[in-house]
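Q: I'd like to learn how to read a fold, one feature at a time. Can you walk me through this one?

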Amino acid sequence: SRYEIAVLVGSLRRESFNGKLAIALTRLAPKEFECNLLEIGDLPLYNQDDDADQPAPAKRLKAEIKRSHGVLFVTPEYNRSIPGVLKNAIDHASRPYGHNAFAGKPAGVIGASIGSIGTACAQQHLRDILAYLDMPTLGQPEAFIHVTDNLFDADGNIGAVSRKFLQGWIDKYVAWVQKHAA
Ligand code: FNR
C-alpha cells in the first residue's frame, strides 16, 4: 500500500541544512512512501482567539497532517530548543482543544546543526512535546547530524560518509510507520 508522510522542517532559511537534509533523507525512502514538505512559513503567530475559525494556512496544515500516515520532524536547534517557527506550527495544528491533528501519528525526529551536539537538546525538547500530542515517536536509532562539508554530495544527496547511517535511520522510521498503520 501507499503511505503519505508529512515532513515538517524547523527552518525557513533558503539554504537551510535541515531543508536539504529533509529532501536528501526522503529520497532514501521506498517508492511507496510519498513525502511532502509542508509549508509553515505562511502561518500567522498562533492566537487562541482564532480557534473558532482558524486562519486558512492553519486549516491547510491540519488537513495535510490528518491525511498523512506519519510526521517526520527535521529541525535545527535554536538556543538549545526548537525554533519558534516549528513550535508555532505545532501549536496551530494541535488546536482547538480536542482537535489535535497529530494524535496517533507515528513521528520521526532528526536534525542537523553546525554545532557538534547536532540538535540533541532541541530533539529532546521536541520529544516532550510529541509525547503530550500523543504521537508514538521512534526512539532508536537517534540521529544527531553534525553538518560538515561532506554531508551532501554534489547532487544534494546524502554523501558517502553518512549514507549508510541515514539509510538505516529512514528504514527504521519507515518500519515504524508501517507498524502503526497496520
Ligand atoms: C543557532 N544555532 C545553534 N546551533 C546549535 O547547535 N545549538 C543552538 O542552540 C543554536 N542556537 C541558534 C540560535 C539561533 C537563533 C540561530 C539563528 C542559530 C546555529 C544553527 O545550528 C545554524 O544556524 C543552522 O544552520 C540552522 O539550521 P538551518 O537553518 O541551516 O537548517
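This is a predicted model: local features need pLDDT of at least 70, side-chain atom pairs count only at pLDDT 80 or more; totals for chains, interfaces and linings use all residues.

Q: What share of the residues counts as buried, and what share of the contacts with a separation of 6 or more comes from residues 24 or more positions apart?

A: Of the 182 residues, 37% count as buried. As for those contacts, residues 24 or more positions apart account for 80%.

Q: Now the backbone. Which peptide bonds are cis?

A: General idea first: most peptide bonds are trans. Here, the bond from Arg-95 to Pro-96 is cis, with omega near -5 degrees. Pro-96 sits in the loop between helix H3 (84-93) and strand E4 (107-113). The bond from Gln-140 to Pro-141 is cis too, with omega near 0 degrees. Look for Pro-141 in the loop between helix H4 (120-132) and strand E5 (144-146).

Q: And where do I find a positive phi in a residue other than glycine?

A: Most residues other than glycine have a negative phi. Arg-80 has a positive one, near 65 degrees, and lies in the loop between strand E3 (70-74) and H3. Asp-134 also has phi near 65 degrees, and its place is in the loop between H4 and E5.

Q: Why does Asp-134 count as exposed?

A: The cut-off is 12 or fewer other C-beta atoms within 10 Å. Asp-134 counts as exposed because it has 12 C-beta neighbours inside 10 Å. Arg-80 is exposed as well, with 12 other C-beta atoms within 10 Å. Gly-41, in the loop between strand E2 (33-37) and helix H2 (56-66), is exposed because it has 10 such neighbours.

Q: Last one: which residues come nearest to the ligand?

A: Of the 14 residues around the ligand, Ser-11, Ser-16, Asn-18, Pro-76 and Gly-115 come nearest. By type, the shell divides into five nonpolar, six polar and three charged residues.

Methods
Residues are numbered from 1 along each chain as its sequence is written. Helices (H or I, at least four residues) and strands (E, at least two) are DSSP runs, numbered from the N terminus. A residue is buried if 20 or more other C-beta atoms lie within 10 Å of its own, exposed if 12 or fewer, and partly exposed in between; C-beta atoms are placed from the backbone. Two residues are in contact if their C-beta atoms, placed from the backbone, lie within 7 Å. A residue is near a molecule or strand if its C-beta atom, placed from the backbone, lies within 6 Å of it. Ala, Val, Leu, Ile, Met, Phe, Trp, Tyr, Cys and Pro count as nonpolar, Asp, Glu, Lys and Arg as charged, and the others, Gly among them, as polar.
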